[in-house]
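Good morning. I have one structure to show you today, and I will go from the whole chain down to a few residues. Please have a look at it first.

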Amino acid sequence: MEAFFAALESIGFVEALRFSRWTYAAVNTTHIFAIALLVGSALPLSLRLLGLWPTITHAHVARILSTTAGVGLVLAVMSGFLLFATRASEYADLAVFQIKLVLVLIGGGSAILMHLRYGWDIGRAPRLALRRAGVVSVLAWTGALILGRLIAFVGD
Ligand code: HEM
C-alpha cells in the first residue's frame, strides 16, 4: 500500500498540485464549497426525515435536497481525492482521516440504499426507516465535517 501511495504522490499533475499555491487553494475551495452544498442540503433533509415540517411531502423535499446533496458529495469526493493524493501516505496513516472516510461511506451508502429502494418517494419507507436514515445522515455528515477540519490539527 505504501508503494501505491508513493506512486500516487509522484504522478505529474499531483506533484504540480502540491507545489502550486493557487491551484491547491482552488481545489481546497472546491472541497469547502462541496461540503457546504452537501451538509447544507443533508441537514434540512434529515430534519424532514425526523418528522419536522410534516405538511411538506418527503418526495418534494428529497427531489431537491437529495439532488443538491448528491452533487455536493460527488464534488467533495473528487476534490477530496485530489487533496489526498498530494500527501497520500501521510493522510492514510491518520486515524482521524480513516474514520472520516468510514463516515462518508456510511452517509453515502445509507442515502444510496434509500433511493435505490424507494426512488424519490422516500415517504413510502416505514417511519422507523425514515428516522434511522435521518439520524445516520446527521451523524455521518456532521462527523465527517468535524473530522475533516481536525485533520489539519492532528497531522505533522
Ligand atoms: C472521499 C471523500 C473525501 C476525501 C478523500 C477527503 C479528503 C480530504 C483531505 C485530504 C483534506 C485536507 C486535510 C488537511 O490537510 O487539512 C480534506 C479537508 C476537509 N474535508 Fe474532506 N474529503 C472527503 C470528503 C469530505 C466530506 C464528505 C466532508 C464533509 C462532510 C469533508 C470535510 C472536510 C473538511 C471540513 C476539511 C477541512 C478543509 C479546510 O480546513 O481547509 N470531506 N478532505
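Predicted model: local features only at pLDDT ≥ 70, side-chain atom pairs only at ≥ 80, totals over all residues.

How many helices and strands does the chain have? It has seven helices and zero strands. Read from the N terminus, then, the order of elements is simply α-α-α-α-α-α-α. The C-alpha trace spans about 50 × 25 × 25 Å along its principal axes. Of the 156 residues in the chain, 24% are buried. Now consider contacts between residues at least 6 apart in sequence: 83% of these join residues at least 24 apart.

Next, helix H3, which covers residues 21-49. H3 has 29 residues, and the distance from its first C-alpha to its last is 41 Å. That is close to the 42 Å expected at 1.5 Å a residue. Which residues of H3 are buried? Going along the helix, they are His31, Ala34, Ile35, Leu38, Ser41, Ala42, Leu45, Ser46, Arg48 and Leu49. An α-helix has 3.6 residues a turn, so residues three or four places apart point the same way. The cover over the buried residues of H3 includes H4 and H7. After H3 comes glycine 51, with a positive phi near 110 degrees.

Now the crossing. Helix H2, residues 12-19, and H4 have axes that come within 9 Å and cross at roughly 85 degrees. An angle from 65 to 115 degrees counts as roughly perpendicular, and H2 and H4 are therefore roughly perpendicular to each other. On the H2 side, the contact is made by Val14, Leu17 and Arg18; on the H4 side, by Leu82, Ala85 and Thr86. By class, the residues of this contact are four nonpolar, one polar and one charged.

Last, the ligand. Which residues come nearest to the ligand? Of the 22 residues around it, the answer is Gly80, Leu83, Ala144, Gly148 and Ala152. Helices H3, H4 (58-86), H6 (95-118) and H7 (127-154) each supply at least two residues of the shell. H7 gives the largest share, seven residues. Sorted by class, the shell around the ligand has 17 nonpolar, four polar and one charged residues.

Definitions and conventions
Residues numbered from 1 in each chain as written. Near = placed C-beta within 6 Å. Helix = DSSP H or I, 4+ residues; strand = E, 2+ residues; numbered from the N terminus. Nonpolar A, V, L, I, M, F, W, Y, C, P; charged D, E, K, R; others polar. Buried ≥ 20, exposed ≤ 12 C-beta atoms within 10 Å, placed from the backbone. Contact = placed C-beta atoms within 7 Å. Axes fitted to C-alpha atoms, helices over the stretch in contact; angles between N-to-C directions. Parallel < 35°, antiparallel > 145°, perpendicular 65-115°, else oblique. Expected span 1.5 Å × (residues − 1).
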